[in-house]
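Open the model in your viewer and keep the selection tool at hand. This tour goes from stop to stop and says what to select at each.

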Amino acid sequence: MILLQIANPGSSVPTVLFFGTIGMLSLTIGLIVFIIFHQRKVIRYQMRLQKLEQDQQKMLLNASIRLQEEERQRIAADLHDDAGPLLATARLYLNENLVNLDKTTQLQSIYNAKQIIDDTIQLIRNISHSLMPPTLKNFGLESAVNDLFQKISGSGSMNASSRFHDYRERLQAENELIIFRVIQELVNNILKHSNASFIHLTQNTSGDRFFIRLHHDGRGITQTDFDKLNKSNVGLGLKNIQSRLKVLHGKIFFEKDMSQTYYKVTIELVKDDEHKLTKVD
Amino acid sequence: MLPSLSRISSILPVIFFLLFLKRNRIGGFWVIFVYCLASFVTDKVYGHLSNDTERFYVYFSFTFVEYTLFTLFVYLSLKEALFRYILLLSSLAFYLFAVFNVIGKKSEGFDSLTASVEDILIIIYSIFFLYEQIKGPAAFFIYQSKSFWIIIAFLIYFSSTLFLFIYGKSFEKNSTYWVINNIFDIVKNMLFTVAFALKTNKKQQYTMENTYADT
């Protein structure tokens, strides 16, 4: 209407000018008020998202702490329940009265004590190996994973195989340990929950990306399930995987194969990221 | 009375800029400082001119300088490359348009067309800035940002004077309608003054603590 009046030379200029100016001013003030309120709304929404993310991180951290505590409790229980009584028994065999006993009994007691100490050494070695697998430390991730899969296959309960396609250069030791723990956790989950008849692990690289893929034919989870479990209070192992991968800036994807027969888990890491991480450390 | 007040009001932001020089040194606030000085000088010169041709060229030059300085300020405040690119392209188009518009034209008291196009462009640029602020807020309270007050000053002044400039050609130099320009010129200068006087409070930056303290 106003534009029509502007185009028409016979129109009343003061009226158009008055309403035009008032209209533009009202629009501007309206826009400013809208911007102020909308901006605050947007910020609140972003903050809420940030808070959710923080809560998620907190949950992961709690899971990781709980897992550490559980591990400590397990080691403490192993030492207290197994190593403790064994050493106490050995001490009984080697008491002060031993010198007053006859030679045959003395020899028998020393032999028994030696046996018990050997058992204790083996037990402590087992505990130590469970904390840091020697194969991983000495020969790297490929050997440690092959070793783990051979043990699983050897048990006869499941067919497990692994193949590293491109692992000529070893990753940093601490990163190898993190990846190994993630694989261990995934394999444990498959053994416990999936009823699978086989697990197959493959490793390969593409550019600066490092991939590890696990296939199995049992019951598995998809990414939606994983996200759901991550947000809930259950699924401690999965949260532990997530928090470990966060350290490496890695990603994990759970999916069902195209053929709908297999479940696939893909771990994706950026090689450069790992180097950076090590340098910072 | 009002024209004199409007003329004097452009000195106020200059004083506040110099008074709080330390806090106004950052960003492109010096552009607005230069604009206020240019505005004051132009008003002074314009008042002493009696020839329509001289008035036309002085006003045209001022429109040119005003557009350049405001666009430069918005350009310095924008972060998005696309908006900056649009600003450069439309500025080139504006300069070409303004020059072609003035060449061969019978010089009159006020170049209505150039001023109106300038108005529309500055309003659009201001909306770009506000849009960017919505998308990626830099401060929790937008009104804690100096740039926000400057942009609001542009927006209020140019939107209020758009119709005045469209019809400007048909008014006498001393027409009462120019009161609109004087009023909003004062408002604009007041808003510039607020921007220059504003303290950038680090506590008001966009942080989670502030958000939840506020709710």
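Select A:Asn195, which sits in the loop between helix H6 (173-194) and strand S2 (198-206) of chain A. Helices (H or I, at least four residues) and strands (E, at least two) are DSSP runs, numbered from the N terminus. The phi of A:Asn195 is near 60 degrees, a positive value in a residue other than glycine. Most residues other than glycine have a negative phi. A:Asn195 is exposed, at 69% relative accessibility. The classes are buried (under 20% relative accessible area), exposed (over 50%) and partly exposed (in between), with a 1.4 Å probe and protein chains only.

This is a predicted model, in which local features need pLDDT of at least 70, side-chain atom pairs count only at pLDDT 80 or more, and totals for chains, interfaces and linings use all residues. Residues are numbered from 1 along each chain as its sequence is written, chains are lettered from A and ligands numbered from 1 in the order in which they are written, and side-chain values use heavy atoms, with hydrogens and water left out.

Next, go to A:His249. It is in the loop between helix H8 (236-247) and strand S4 (251-256) of chain A. A:His249 counts as partly exposed, at 48% relative accessibility.

Now show chain B on its own. It has 10 helices and zero strands. Of its 215 residues, 50% are buried. Its accessible surface is about 10,300 Å², and 69% of that belongs to carbon and sulfur atoms; areas come from the Shrake-Rupley method with a 1.4 Å probe, and for residues only the protein chains shown count as cover. Contact means heavy atoms within 4.5 Å. Among contacts in chain B with a separation of 6 or more, 77% join residues 24 or more positions apart.

Which residues have the most contacts inside the largest nonpolar core? Select B:Ile32, B:Ile150, B:Phe154 and B:Phe192; the core has 61 residues. Such a core is a set of buried Ala, Val, Leu, Ile, Met, Phe, Trp, Tyr and Cys residues joined through side-chain atoms within 4.5 Å. Both chains take part: helix H2 (13-93) of chain A supplies at least two residues, and so do several helices of chain B, including H4 (29-48) and H9 (178-197). H8(B) gives the largest share, 15 residues.

Centre on B:Ile32. Leaving out residues up to four places away in sequence, it touches B:Phe70, B:Phe73, B:Ile150, B:Phe154, B:Phe192 and B:Phe196. Apart from this core lies another, of 36 residues, among them A:Leu141, A:Ile199, A:Ile267 and A:Leu269.

Select H4(B) and H9(B). Their axes come within 12 Å and cross at roughly 145 degrees. Axes are lines fitted to C-alpha atoms, for helices over the stretch in contact, and angles run from 0 to 180 degrees between N-to-C directions. H4(B) contributes B:Phe29, B:Ile32, B:Phe33, B:Tyr35 and B:Cys36; H9(B) contributes B:Lys188, B:Phe192 and B:Phe196.

Last stop: B:Ser160, in helix H8 of chain B. Is it buried or exposed? B:Ser160 is buried, with a relative accessible area of 0%. Beyond its neighbours within four places in sequence, B:Ser160 contacts A:Thr21, A:Leu25, B:Ile180 and B:Phe184. The C-alpha atoms of B:Ser160 and B:Ile180 are separated by 7.7 Å, with the two residues 20 apart along the chain.
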